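Visitor: I'm new to this one and would like a guided tour. Could you show me the picture and then take me through it feature by feature?

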Amino acid sequence: MSNASVETRPNSQLAAPDPQQPEPGAPENWRRFFSFSTDHKVIGIQYIVTAFVFFLFGGLLAMVMRGELITPDADLVDRTVYNGLFTMHGTIMLFMWTFPMLNGLANYLVPLMIGARDMAFPRLNAIAFWLVPIFGVILTASFFVPGGPSQSGWWAYPPVSLQNPTGNLINGQSLWLVAVALSGVSSIMGAVNIVTTIFRMRAPGMGWFKMPAFVWTVFSAQIIQLIGLPALTAGAVMLLLDLTTGTSFFDPVKGGDPVLYQHFFWFYSHPAVYVIVLPIFGVFSEIFPVYARKPLFGYKVVVVSSLLITVLSLVVWVHHMFASGTPGWMRMLFMFSTMAISIPTGIKVFAWVATVWGGKLRLTSAMLFGLGGLSTFLFAGITGIMLSSAPFDIHVNNTYFVVGHFHYVINGAVVMGFYAAIYHWFPKMTGRMYYEGLGKLHFALTFIGINLIFLPMHPLGLMGMPRRVASYDPEFAFWNVIASLGGFLLGVSTLPFILNMLSSWTRGEQAGDNPWRAIGLEWLVSSPPPHENFEEIPIIVSPPYGYGSDEPLVSNNPKGTFEESAASTQIANLAGEAN
Amino acid sequence: MSSVNVNVKPDPTLNSQAAHSHEEEDHRMFGFIVFLLSESVIFFSFFVGYIVYKTNATDWLPAGFEGLEIKEPLINTVVLVSSSFVIYFAERFLHKENLWGFRLFWLLTMAMGSFFLYGQAVEWMGLPFGFKDGVFGGTFYLLTGFHGLHVLTGVLLQGLMLGRSFLPNNYEEGEFGVEATSLFWHFVDVIWIVLFLLIYVWR
Amino acid sequence: MGQQAYSWLPPQASAESILIDKLFSFMTAVGTFIFNGVVGTLLYSVLFQRAAKYDPSDGPPIEGNVKLEIIWTGIPILLILWIGTVSYQTYDQMGILGSMTQKTMETVETVPAEPTQKVATSVEESATSAPIEVHSRQWAWEFRYPKEGVSSTELHLPVNQRAKFKLTSEDVIHGFFVPAFRVKQDIIPGKEIDFSFTPIREGRYRLRDSLYSGTYFAANQTDVVVESEAAYQKWLQTAAKTTPTAAANVAQTEFAQAEKTSVSLGWATVKPAPAPIVNYSNQPNTSQPTPQFEEEPHE
């Protein structure tokens, strides 16, 4: 029974876009994306697009690298240039592509998925975003200072990173350190925001185990950021002091310990890769139920495994240092801890397979990328277990085997997962449908490209080709040629995607609120969502992924009790066919 | 499964209370606590570094240096730790809406914090080694300097809060600023206790 | 697939390589099994479990299956324990890493220092017990046989004898890596690292710097020659009698060439360390005579 005295808003006001607050995703509203907006949906898209631009830039650097590596000699670019290229390729891909992109997805989706109007701290959110172009500019500027950008690899190991051949105070390495420090500040701001939002702003009825898996994985990832990132900051500060003021934390000549830097660095940078991959796990967990029309298999176990991964990720970092100055007992200890992390990850993989199995599959672009990403990720996971074996790692550490492994994770899981997410939520974000044919073409080129470029890296590593080399012995030529061709194909594969995005955003078919008939709070609102997301905060009555069952997701019972009367509840999870 | 072409338009009279209360809730303290937990990891990392260097070093102290004086830093410690109690009382006054009591104790906290900073500077100037003198020099100045920076930030924030206390209706929407500054001060204090034990007490 | 794995690796030139390859083959077999299982299931589903075109209905609302979940948690745990145990045993048997003692760093600059004088008179008895000193620098390798008083830029080892080393670096972190031996150890400046392994197959193999060490890192390579005891002794004796000269290396050659050109195509670089002054060098453009013994073709 509702209170008759409370006024209701007429429906027309809900339907028509308010001219004062144009829809965030509308193309005629593009100026909003260059402004200081505190709307999480705008910020989310700002993050994603900015990150994608840097993804293309980092990819361009990789194309030049593959061009160099198509022949054994260092004949395309100078060695210093090549060293700068691989350093900046890694740095840009990590700090300017994956972290901002994932913050973008989280920003856009989390408030919608938990039934909130915005993030906990909208202005902090905007500040955190605008730091990204700033440190992006700093990193780009480092190409133009005397001495060029940092050439010590994205790890910046001392003593190489301390050598500073120009002797200048402002050099590529110091700019790099400043940019990474700023990136850390931005990430911490984002992490505080997201963790507070998820902890405190879930809609009534949404207990922890009614939260979508994507929100869980984002939460876990941000916890890792909060714990791990300050350790990197500490190491980076000490390195910067060594570089610019002459302290001796890591300089062996003055009594410093270069291996301590490695510990600081990897204590963050290993968990960092889980920061990158966990939200993608979340994306997979969202995608498969929709396009197989089945609930996520073992939802509770899947989300608990996210937490397990979070905890374990903090105690495996020495596996990056198996060949360093680490004693034998340390190698064995971390070998076992690293192997352990494959268990919760494996649980997720099997759960996804079980979600897909027996369902009614629709092979849309999102689903294709999801399935393809799952397969390449599985391959990466297997080579990862091999790498965790310390004696084997001693052979392949710092070779192309490792490069192949992590690129299978990053390109295979993260990039494919990113594309899956974009295809899946593009209608929600923009109110338009993308062109499915282009999407399928994009998938085919990407999948083939990824395998062509990164699979040959494994035999190369096994045969002993080190990584980060501008030149190599002629015996490695064959696989390098194939990898380079694959690389160029991968570069080309981004074109149908860009074309699809631009043309669909401006002239794609109108999408309805829920073109995929998916179950989730974000699909209950219009596409794109109104400025404050929900007219009224929904009340959650059932766990997520209720495919195949009659349970509605939300209840509109005025007393706030969770009865499922067919008369009084609206069936929110079946919005009909795609409009 | 029936396909119902329905868009959800929840009755606006419902959950208005829930929606309203969401807007009212102040999440800032929660966020600030999360931030402080993360910040403590930076100090924790520096502490670990210090411990590793000290336990592995062959020549730990710079040549000719016998060890740190403990007397003045101990006085500083007492002052800083006491100031945590002072600021607590200041907060109590504010909760009881005794603005002048709040301002007095708040100002006293600032004075004690400034005394600490002054004492730190005096100690620094009296030391025979610099921050480039080996790993000990580097870590000593890094740790005390980074901590000192936090003390300075704390005192500045306290100044800001003191100024704001003169604005009319400043505490209408709660006392988050004062509470957060106070929590930050306690945080700085705890860090100092660990630092003091590590650097001055542990030989 | 496990058998196939052997073919992806370099020839087994050390005792350690046999252990490693076996481990890798085992892991490949397990991995293939899992991969085929999962991807096979997915493929089946993709091919045969598609939704009918106009069927809007959902699939069965299966939310979990405790028994299945226990199985797919338990079996991986067992597999991991298995792989971990085999790995532990392999590492133990390899026993390549010895102590890592602190060593005070003497020089840091990469400007030319005084050339080191090598005393080279005659060789005593075979000195297989004295560790070979490996000096790594930006960007060349130098090997010193202290007992025989021989220095070389090419590492020679007698076959089937435990080779022992003391690894040091003069500047940055380098990596001692011989793929054919499956051994690798990062060389930390300021430390002297004991290292050992056993070559079992005669031939010429590549030694590569495996930890990125600066501009000419990729060129910091040399050869390892494993030969019979007799040939090894002969090499030592010949080298001991040869006057030490500076051995050219790729880094120096390229750097010198770059200095000559007026237009720089790259950015500033650390200058290569002065060339090792050695009895024996494997660079063709020195005054060394060609090696007298038989070599197997480079693998």
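Guide: Let's start with a loop residue: Arg293(A) sits in the loop between helix H7 (258-292) and helix H8 (299-313) of chain A. Helices here are DSSP runs of H or I with at least four residues, strands are runs of E with at least two, and both are numbered from the N terminus. Before we go on, this is a predicted model, where local features need pLDDT of at least 70, side-chain atom pairs count only at pLDDT 80 or more, and totals for chains, interfaces and linings use all residues. Residues are numbered from 1 along each chain as its sequence is written, chains are lettered from A and ligands numbered from 1 in the order in which they are written, and side-chain values use heavy atoms, with hydrogens and water left out.

Visitor: Is Arg293(A) buried or exposed?

Guide: Buried means under 20% relative accessible area, exposed means over 50%, and partly exposed is in between, using a 1.4 Å probe and protein chains only. Arg293(A) has 3% relative accessibility, so it counts as buried. Its phi is near 55°, a positive value in a residue other than glycine.

Visitor: Which phi does Asn164(A) have?

Guide: Asn164(A) has a phi near 45°, again positive in a residue other than glycine. This one lies in the loop between H4 and H5 of chain A, and Asn164(A) counts as buried because its relative accessibility is 17%. The loop between helix H4 (122-141) and helix H5 (172-200) of chain A also holds Pro159(A). A cis peptide bond, with omega about -5°, joins Pro158(A) to Pro159(A).

Visitor: What does His320(A) touch, leaving aside neighbours within four places in sequence?

Guide: A contact means heavy atoms within 4.5 Å. On that basis His320(A) meets Trp266(A), His270(A) and Asn397(A). His320(A) is in the loop between H8 and helix H9 (328-340) of chain A, and it counts as partly exposed because its relative accessibility is 21%.

Visitor: How do H11(A) and H13(A) run relative to each other?

Guide: Axes are lines fitted to C-alpha atoms, for helices over the stretch in contact, and angles run from 0 to 180 degrees between N-to-C directions. Under 35 degrees counts as roughly parallel, over 145 as roughly antiparallel, 65 to 115 as roughly perpendicular and the rest as oblique. Helix H11 (residues 365-388) and helix H13 (residues 400-430) of chain A pack at about 160°, their axes 8 Å apart. The two helices are therefore roughly antiparallel.

Visitor: What is the strand order of the open sheet in chain C?

Guide: Two strands pair if DSSP finds at least two bridges between them. The five strands of this open sheet come in the order S5-S11-S10-S7-S8 (chain C), with mixed pairing. Strands S5 (155-158) and S8 (183-187) of chain C are at the edges with a single partner strand each, so one side of each has no neighbour in the sheet. Neighbouring strands are turned by 20° against each other on average, direction ignored.

Visitor: How many bridges join S5(C) to S11(C)?

Guide: Four, and those two strands run parallel. Leu155(C), for example, has Val224(C) as its bridge partner in S11(C). The hairpin of S7(C) and S8(C) has four residues between the strands, and Arg182(C) takes a positive phi near 60° in it.

Visitor: Which way do the residues of S8(C) point?

Guide: Val183(C), Gln185(C) and Ile187(C) point one way, Lys184(C) and Asp186(C) the other, and all are buried.

Visitor: Which residues have the most contacts inside the largest nonpolar core?

Guide: A nonpolar core is a set of buried Ala, Val, Leu, Ile, Met, Phe, Trp, Tyr and Cys residues joined through side-chain atoms within 4.5 Å. The largest has 313 residues, and those with the most contacts inside it are Met367(A), Phe392(A), Phe165(C), Phe176(C) and Phe181(C). Beyond four places in sequence, Phe181(C) touches residues including Leu157(C), Phe197(C), Tyr205(C) and Val224(C).
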